[in-house]
Amino acid sequence: MIHTRQLRRTFKGRRSTVEAVAGVDLDVTGGQTFGFLGPNGAGKTTTLRMLSTLLPVTSGEATVAGCDLRREPAKVRQRIGYVSQEGSSYSEVSGRRELVIQGRLYGMSGPAADKRAAELLETLELTDCGDRKTKTYSGGQKRRLDVGIGLMHLPQLLFLDEPTTGLDPQSRARMWDEVRRLRESGTTVFLTTHYLEEADALCDRIAIIDHGRIVAEGTPEELKREIAGDVVLVGPEGPPERARDVLKGQDFIRELTEEDGALRLYVDRGETAMPQIIRLLDGAGVTLSALSLHRPSLDDVFFRQTGRSLRETAP
Amino acid sequence: MKLLRDTWLMFVRYFLIFIGNPAWVIIGVIQPVLYLLLFAPLLKSLVHIPGFPPGGAYNVFVPGLLIQLGLFGASGVGFGLIDELRSGVIERFRVTPVSRLALLLGRAGRDLLTLIVQSIILLALAIPFGLKPTWIGVLVMLGLVALIGLGMSSLAYSAALALKDENSYAPLVFTLSLPLLLLSGVLLPLQLAPDWLQHIAQVNPLSYAVTAARDVFNGNGGSIDVVKGLAIMAALAVVGVAIGARRFSRAIA
Ligand SMILES: Nc1ncnc2c1ncn2[C@@H]1O[C@H](COP(=O)(O)OP(=O)(O)OP(=O)(O)O)[C@@H](O)[C@H]1O
Ligand SMILES: [Mg+2]
């Protein structure tokens with residue numbers, strides 16, 4: 001559904017040049033939900049805007065929905081839907097009318113567009129506010145309408161740029177349901193997110209992007225497996241420096257990081273590492289307030305690849 | 001065909017927005033009415049000065065006022081576009097297969113319609129003051145206003161697309177429209193101006209529209225000045241739309 005080779009985009013400023021997307025190779029199969037995970041400024045939006053014909057590419061090749069991005073932008077437009085990060089529905093027009101206009105711009109007839117708009121308002125639970133001006137909508141209503149606008153013409157491929165940022169847990173859960181419904185209906189969804197658990201919960205495949213480059217790609221399971229071994233979280237009482245000094249340089253610990261007064265240890269086998277850790281810290285007189293064993297998460301994958309925690313960089 | 005359909009869809013959208021908030025048509029009419037009330041009476045004492053065009057104060061002043069309405073009405077339209085650029089609405093249209101020219105024409109069509117409605121209101125209001133309209137005069141007048149509206153609003157949209165920001169758009173528009181207005185002879189006939197000023201005014205296309213409008217209101221429907229005014233305004237409209245179309249298809253490729 002999407003294939004890119006060395007996709008690149010630079011922005012030339014007066015003083016500096018930003019390489020927002022620095023040679024991205026992607027292969028997204030039809031019917032998948034594909035997640036694009038990365039911190040602020042990683043190049044997610046820039047990639048999406050290129051793939052949806054909004055932004056000219058600096059170099060590289062891409063086919064989107066079976067059409068060459070550069071040579072057949074009009075065909076690409078006909079087949080995709082795009083929901084921007086900032087949204088697009090703050091207007092003096094009612095939600096229903098925005099939907100109908102959107103459908104008609106894709107060539108739908110008046111009655112067909114009316115019918116589809118009513119359907120969408122129903123599934124997105126917007127019937128109550130469907131006939132109000134969209135500038136009176138709440139954040140969650142606006143976001144759902146944005147998605148509805150993107151879905152109006154039943155695209156094969158839908159781009160969702162951070163569909164759940166700024167939503168409360170309930171609205172987020174509703175959005176997740178909507179994405180799952182789309183997957184069931186056979187629509188390919190390409191979404192970006194800062195949230196690891198979102199990518200984990202929704203996506204068949206994930207690409208992690210940082211500084212305009214893909215640093216890892218695969219199914220959530222594959223990515224987690226890439227980090228062989230386990231993660232042990234050590235919460236010492238008081239400041240973590242003592243514990244860190246004790247554990248640093250131990251052979252069985254492959255990596256050690258500090259996070260909110262706790263230590264995160266990457267080890268080969270958690271079961272044997274835990275007793276060793278307890279013994280070492282006990283011997284040094286460090287009291288523990290918490291100790292836990294985890295399977296690696298996507299956060300660990302991200303950390304492994306970039307040396308930073310996604311949670312620190314996300315807003 | 002697609003262009004017509006898309007233009008119509010866009011026109012309807014902007015028309016509905018406009019219907020939802022008609023306050024600013026009234027605001028648009030109030031200003032010229034103030035000119036009618038507070039400025040036109042001054043002209044009455046000037047009517048007998050040599051060089052003042054024939055036809056009475058109101059028949060001289062009202063046509064110019066309509067041209068001014070066209071100029072000012074059209075120069076403000078860019079604000080709406082900047083608003084939509086910011087709110088993502090334009091981007092939303094850009095991902096659809098909509099004809100890029102239709103994005104311009106749909107909006108400009110709405111602007112044109114508002115201008116015509118405002119002009120008719122103003123003409124009607126001027127009659128009690130002493131305007132003596134003729135059918136041909138009104139028709140040519142509306143034609144001129146429509147052409148100015150189309151050309152100027154297209155140019156205004158081009159400027160808005162290029163600048164993308166009210167804080168630079170507003171000064172640009174006001175700085176440009178003031179000399180256009182002063183050099184058009186709207187307020188006082190240019191016949192009263194010294195030669196050098198008349199020469200400069202000849203570069204201003206709007207001065208031809210004003211001359212044409214006055215001529216036709218004073219019973220010279222077929223005069224060469226009227227034909228010239230209409231032709232120049234038609235050229236302005238074509239150039240404006242061409243520039244706008246280029247801007248829209250490039251900035252909104
Ligand atoms: N029009 C532009 N001009 C200059 N630089 C830009 C432009 N658009 C994006 N950038 C830069 O490109 C980089 C990538 O931006 P992008 O919007 O793609 O990030 P993102 O991954 O979507 O981030 P976020 O999670 O914050 O939305 C950033 O450094 C950004 O400042
Ligand atoms: Mg972004």
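This is a predicted model: local features need pLDDT of at least 70, side-chain atom pairs count only at pLDDT 80 or more; totals for chains, interfaces and linings use all residues.
We may begin with the overall build of chain A. Its fold comprises 12 helices and 14 strands. Of the 315 residues in chain A, 52% are buried.

The buried residues of α1(A) are A:Lys44, A:Thr46, A:Thr47, A:Leu48, A:Arg49, A:Met50 and A:Leu51. Just beyond the end of α1(A), the backbone of A:Thr53 adopts a positive phi of about 70°.

The neighbourhood of A:Leu54 brings chain B into the picture. The side chain of B:Arg94 reaches the backbone oxygen of A:Leu54 at 2.6 Å. B:Arg94 itself lies in helix α6 of chain B, which covers residues 89-94. Although B:Arg94 is buried, it has no salt bridge. The nearest side chain of opposite charge belongs to B:Glu91, 4.5 Å away, and a salt bridge requires the side-chain nitrogen and the carboxyl oxygen to be within 4 Å.

Another buried residue of chain B is found in a loop. B:Phe52 sits between α3 (40-44) and α4 of chain B. With a relative accessible area of 8%, B:Phe52 counts as buried because that term applies under 20%. B:Phe52 and B:Leu192 are 140 residues apart along the chain, yet their C-alpha atoms are separated by 6.8 Å.

Helix packing can be followed in both chains. Two packed helices are described by the angle between their axes and by the distance between those axes. In chain B, helix α4 (residues 57-75) packs with helix α8 (residues 135-163) at an angle of about 25°, and the axes are 8 Å apart. The helices α4(B) and α8(B) are therefore roughly parallel to each other, as angles under 35 degrees fall in that class. The crossing in which α4(B) passes α8(B) is right-handed.

In chain A, helix α3 (residues 95-105) and helix α4 (residues 110-123) pack at an angle of about 130°, with 9 Å between their axes. This pair, α3(A) and α4(A), is therefore oblique. Here too the handedness can be given: α3(A) passes α4(A) in a right-handed crossing.

Key. Residues are numbered from 1 along each chain as its sequence is written. Chains are lettered from A and ligands numbered from 1 in the order in which they are written. Side-chain values use heavy atoms; hydrogens and water are left out. Helices (H or I, at least four residues) and strands (E, at least two) are DSSP runs, numbered from the N terminus. Buried means under 20% relative accessible area, exposed over 50%, partly exposed in between (1.4 Å probe, protein chains only). Lys and Arg count as positive and Asp and Glu as negative; His and the chain ends are not counted. A polar contact is a pair of N or O atoms within 3.5 Å; within protein, one must be able to donate a hydrogen and the other to accept it, and residues adjacent in sequence count only if both atoms are side-chain atoms. Axes are lines fitted to C-alpha atoms, for helices over the stretch in contact, and angles run from 0 to 180 degrees between N-to-C directions. Angles under 35 degrees count as roughly parallel, over 145 as roughly antiparallel, 65 to 115 as roughly perpendicular and the rest as oblique. A crossing is left-handed if the near helix is turned anticlockwise from the far one by less than a right angle, and right-handed if clockwise.
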